[in-house]
Amino acid sequence: GINAEYMGDELASKEKAKADVENDLKTAKQTLQEKQTALDKTSKELKEKESMLGDLQQQLRIKEEVLAEREQALQAKNDQISEKESELNRLREETALVKDEWQATNERLQQKSEELENIQTQLQSVLGLARSITARTNNDAYSSRHS
């Protein structure tokens, strides 16, 4: 009887162990399924984020292209400004040269004007002298005729 009772206990013990193992297995499968679901969800979110990242990278590329175009346009404007500044400086130099020439010409004209005034003064004194000589000569001639 003891042997049968022992066998029954062992069988009950093995049945319980089997039930525990099946329970553990069921819990493990459930945990695995939960983890798989979480992994799938994470994977889906990752794909969405990768897609968003791709979109953002595309937008960034477009903005970089626009920026590069604007930088080129700005450089072109800067080059034009530099050209205009060079032209302006050249014109300023030319203007200064013309101004100097004009001033020199003006000084020469003033000098010539003064020379002309001197000549005119000399001419007037010569003319005055000639008149007085003529008058004296006429007086002498008149006097000698009427004496």
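Glu 15 counts as partly exposed, at 49% relative accessibility (buried is under 20% relative accessible area, exposed is over 50%, and partly exposed is in between, with a 1.4 Å probe and protein chains only). This is a predicted model, in which local features need pLDDT of at least 70 and side-chain atom pairs count only at pLDDT 80 or more, while totals for chains, interfaces and linings use all residues. Residues are numbered from 1 along each chain as its sequence is written, and side-chain values use heavy atoms, with hydrogens and water left out.

Glu 15 sits in helix α1, which runs over residues 2-145. The protein chain has 1 helix and 0 strands (helices are DSSP runs of H or I with at least four residues, strands are E runs of at least two, and both are numbered from the N terminus). With a radius of gyration of 61 Å, well over the 15 Å that the globule rule gives for 147 residues, the protein chain is more spread out than a compact globule (the radius is taken over C-alpha atoms, and the rule is 2.2 Å times the number of residues to the power 0.38). Along the principal axes, the C-alpha atoms take up a box of roughly 210 × 25 × 15 Å.

Glu 15 and Ser 51 are 36 residues apart in sequence, and their C-alpha atoms are 53 Å apart in space. Take Asp 20 and Asp 55 instead: 35 residues separate them in sequence, and 52 Å separates their C-alpha atoms. Ala 12 is itself part of helix α1 and is partly exposed, with a relative accessible area of 44%.

What about the surface? Of the 147 residues, 0% count as buried. The protein chain exposes about 14200 Å², and carbon and sulfur atoms supply 56% of that area (areas come from the Shrake-Rupley method with a 1.4 Å probe; for residues, only the protein chains shown count as cover). Leu 116, Ile 119 and Leu 123 make a nonpolar surface patch of about 310 Å² (patches use residues with over 30% relative accessible area and no salt bridge, joining like charges within 9 Å and nonpolar side chains, namely Val, Leu, Ile, Met, Phe, Trp and Tyr, within 5 Å). Leu 123 belongs to helix α1 and is exposed, at a relative accessible area of 54%.

Then there are the charges. The protein chain carries 23 positive and 30 negative side chains, and the centres of the two sets lie 6 Å apart (Lys and Arg are positive, Asp and Glu negative, with His and the chain ends not counted; each charge is placed at NZ of Lys, CZ of Arg, CG of Asp or CD of Glu). Side chains of opposite charge can pair when their charged atoms come close. The structure holds 3 salt bridges (a side-chain nitrogen of Lys or Arg within 4 Å of a carboxyl oxygen of Asp or Glu).

Lys 14 is exposed, at 53% relative accessibility, whereas Glu 10 is partly exposed, with a relative accessible area of 32%.

Asp 20 pairs up with Lys 16, where the closest N and O atoms are 3.3 Å apart. Both lie in helix α1, again with a spacing of 4 residues, about one turn of the helix. Lys 16 is exposed, with a relative accessible area of 53%, while Asp 20 is partly exposed, at 36% relative accessibility.

Further along, Arg 90 and Glu 94 meet through their side chains in a salt bridge, at 2.6 Å from N to O. They are 4 residues apart in helix α1, which means about one helical turn lies between them. Arg 90 is partly exposed, with a relative accessible area of 41%, and Glu 94 also counts as partly exposed, at 38% relative accessibility.
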